[in-house]
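Student: I have a protein model open and want to go through part of it. Can we start with how some helices pack?

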Amino acid sequence: MDVFKVGIKDGSCMGSIHNFTIKRQPLTPESINKECHVDVNANKTVFESLKNNPKVSYDGKTFSYKSKHALKDKAQLLNLIRKFPEGIAVIDMKDSYTAVMDDLQALKASGQIWLLSNFDSQEDIAYPNDPRAIIKVDDDLKQLFRGIELPRDMLDIERDLQKNGMKPATNTALRRAKAEVHGLALKPKTKKKKHEISKRTKLTNAHLPELFKNLNVPGS
């Protein structure tokens, strides 16, 4: 973010950097000289360094901060994320405007996007929560998913979810305690019959077609 460090090595430019990154206030050469004590007009090297800096926009009169994505509000932020069904890095959007991080959390809370961490880089990735989006799933990820063996006891599943910062939708311990108080025996789960799929049924998980290859389709 220190956009002046390329061209200005003398003096403190923290005030100008603050204006760029927080206030988004365009700076004239005169205001840069006032805050950094560097005459940009008189120093051609500094002027060209600022002008050619990828994080700086120059309109012929003022220098201003240039983010990777020109966003102004939450609606534009959501539209951008929806253009990346396979995810977009939060770091590429966090400097777009001052309230962008708050808007990301608001979109997550409303269920319009997902915010997940990349295990390799530990960076947050934003995904659109759109059931119509077609997402390509790598074969190694499919194999990893199928190779996961879930615990047989729901208590263990709920503990694992909590360990990973997720809130279980069920509370098996509470349910069992209530059953014991009322003297009710928990019924063992019975195997469900395989559901038949009619020709009119729409399979939404098209990216995992092999999940449906063993299902019976009448009249097929």
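Student: At what angle do helix α7 and helix α8 pack?
Tutor: This is a predicted model, where local features need pLDDT of at least 70 (pLDDT is the predictor's confidence in each residue, from 0 to 100), side-chain atom pairs count only at pLDDT 80 or more, and totals for chains, interfaces and linings use all residues. Residues are numbered from 1 along each chain as its sequence is written, and side-chain values use heavy atoms, leaving out hydrogens and water. Helix α7 (residues 154–163) and helix α8 (residues 172–181) pack at about 145°, with axes 9 Å apart. Helices are DSSP runs of H or I, at least four residues, numbered from the N terminus; axes are lines fitted to C-alpha atoms over the stretch in contact, and angles run from 0 to 180 degrees between N-to-C directions.

Student: Which residues of α7 and α8 meet?
Tutor: M154, L155 and E158 of α7 meet T172, A173 and R176 of α8, contact being heavy atoms within 4.5 Å.

Student: Which residues of α7 are buried?
Tutor: L155, I157 and E158, where buried means under 20% relative accessible area with a 1.4 Å probe, protein chains only. α8 is part of what covers them.

Student: What caps the N-terminal end of α7?
Tutor: D153 does, with a side-chain oxygen 2.9 Å from the backbone nitrogen of L155.

Student: And what follows α7?
Tutor: G165, with a positive phi near 80°.

Student: New topic: what pLDDT does the protein average?
Tutor: The average is 76, and 69% of the residues score at least 70. Over residues 1–12 the pLDDT is below 50.

Technical notes
Helix = DSSP H or I, 4+ residues; strand = E, 2+ residues; numbered from the N terminus. Buried < 20%, exposed > 50% of the residue type's maximum accessible area, 1.4 Å probe, protein only. Polar contact = N/O pair within 3.5 Å; in protein donor to acceptor, adjacent residues only side chain to side chain.
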